[in-house]
Amino acid sequence: MDYKDYATIFKALSDPNRLRILTIIHKEGRVCVCRILEQFDITQPTFSYHMKTLQDAGLVACEKEGTLCYYELNYDKISQLKIFLSRLN
């Protein structure tokens with residue numbers, strides 16, 4: 001990854017709703033979009049925007065099964081971010 005990739009990730013992490021989404025996915029593992037959305041008081045389009053931002057940053061992956069979307073964390077990308085941050089020490 002280069003600095004532009006890291007900047008995209010940090011931008012995605014700069015929103016409290018997106019951080020909360022990541023926490024939910026981490027706790028539950030692979031989780032249906034409807035299960036995440038029910039824990040928020042935001043509209044579906046706003047939620048979709050947050051999920052697209054997280055996907056574009058490579059932090060989450062989406063798998064469709066029929067009409068449902070299931071999300072899970074991209075632990076490879078998170079590991080790369082941890083390594084980057086540890087080198088700043």
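**Entry 1: terms and model.** I take partly exposed to mean a relative accessible area between the buried limit, under 20%, and the exposed limit, over 50%. By that rule arginine 30, at 37%, counts as partly exposed. I note before going further that the model I am reading is predicted.

**Entry 2: the nonpolar core.** I looked up the largest nonpolar core and found that it has 21 residues, and that those with the most contacts inside it are Ile21, Ile25, Ile36, Met51, Leu54 and Val60. The elements that give two or more residues to this core are α1 (3–12), α2 (16–28), α4 (44–56), β3 (68–73) and α5 (75–86). Of these, α2 supplies the largest share, four residues.

**Entry 3: cysteines.** How many disulfides does the structure hold? I found zero. Is cysteine 69 buried or exposed? With a relative accessible area of 14%, cysteine 69 is buried, whereas cysteine 34, at 44%, is partly exposed.

**Entry 4: salt bridges.** I looked for charged pairs next and found four salt bridges in the structure.

Glutamate 28 pairs with arginine 35, and their closest N and O atoms are 2.7 Å apart. I list glutamate 28 as partly exposed, at 31%, and arginine 35 as partly exposed too, at 42%.

Arginine 30 and glutamate 65 meet through their side chains in a salt bridge of 2.4 Å, N to O. Arginine 30 lies in the loop between α2 and β1 (31–32) and glutamate 65 in strand β2 (residues 60–65), so this pair ties together parts that are 35 residues apart in sequence. Glutamate 65 is partly exposed, with a relative accessible area of 38%.

Lysine 52 and aspartate 56 form a salt bridge as well, at 2.9 Å from N to O. Both residues lie in helix α4, four residues apart, which is about one turn of the helix. I have lysine 52 as partly exposed at 49%, while aspartate 56, at 52%, is exposed. I also noted that salt bridges with shared partners join Arg30, Glu63 and Glu65 into one network.

Technical notes:
Residues are numbered from 1 along each chain as its sequence is written. This is a predicted model: local features need pLDDT of at least 70, side-chain atom pairs count only at pLDDT 80 or more; totals for chains, interfaces and linings use all residues. Side-chain values use heavy atoms; hydrogens and water are left out. A nonpolar core is a set of buried Ala, Val, Leu, Ile, Met, Phe, Trp, Tyr and Cys residues joined through side-chain atoms within 4.5 Å. Buried means under 20% relative accessible area, exposed over 50%, partly exposed in between (1.4 Å probe, protein chains only). A disulfide is a pair of cysteine sulfur atoms within 2.5 Å.
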